[in-house]
Amino acid sequence: MSTSTPFDPSRFLTRVSGREYLEVKWRLVWLRSQYPDATIETDLISHSDSQAVFRARVSLKSGGAATGWGSETPGDFGDYLEKAETKALG
């Protein structure tokens with residue numbers, strides 16, 4: 001993908017439960033194409049045998065910031081730690 005061509009998220013939409021969905025990996029590509037100097041930090045807030053909770057913080061050099069939260073359980077996914085972090089990023 002050329003850096004001179006604006007990112008077009010509609011090219012990467014998939015259908016999930018009958019609705020359009022942009023996977024987190026493409027959201028990150030979109031962020032980097034618009035704000036290459038953005039910082040992304042994730043923190044494992046809590047982890048037990050029954051649940052993992054992550055916080056993700058995205059910050060722009062201009063001062064803008066956003067925080068997302070994600071949690072998953074082993075019953076949701078075998079790789080619930082990774083899924084919880086991805087959910088927070090999304």
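Predicted model: local features only at pLDDT ≥ 70, side-chain atom pairs only at ≥ 80, totals over all residues.
Residues are numbered from 1 along each chain as its sequence is written. Local features need pLDDT of at least 70 and side-chain atom pairs pLDDT 80 or more, while totals for chains, interfaces and linings use all residues, and side-chain values use heavy atoms, without hydrogens and water.

**Exercise 1.** Find the aromatic pairs and classify the one formed by Phe7 and Phe12.

Solution. Rings of Phe, Tyr and Trp (its six-membered ring) pair if their centres lie within 6.5 Å; planes under 30 degrees apart are stacked, over 60 edge-to-face, the rest tilted. The whole structure holds 3 such pairs. For Phe7 and Phe12 the centres are 5.3 Å apart and the planes 5° apart, so the pair is stacked. Ring pairs join Phe7, Phe12, Trp26 and Trp30 into a cluster.

**Exercise 2.** Identify the largest nonpolar core and the elements that give two or more residues to it.

Solution. Such a core is a set of buried (under 20% relative accessible area, 1.4 Å probe, protein chains only) Ala, Val, Leu, Ile, Met, Phe, Trp, Tyr and Cys residues joined through side-chain atoms within 4.5 Å. The largest has 6 residues: Ala52, Phe54, Ala56, Tyr80, Ala84 and Ala88. The elements giving two or more are β4 (52-59) and α2 (80-89).

Terms used: Buried < 20%, exposed > 50% of the residue type's maximum accessible area, 1.4 Å probe, protein only. Helix = DSSP H or I, 4+ residues; strand = E, 2+ residues; numbered from the N terminus.
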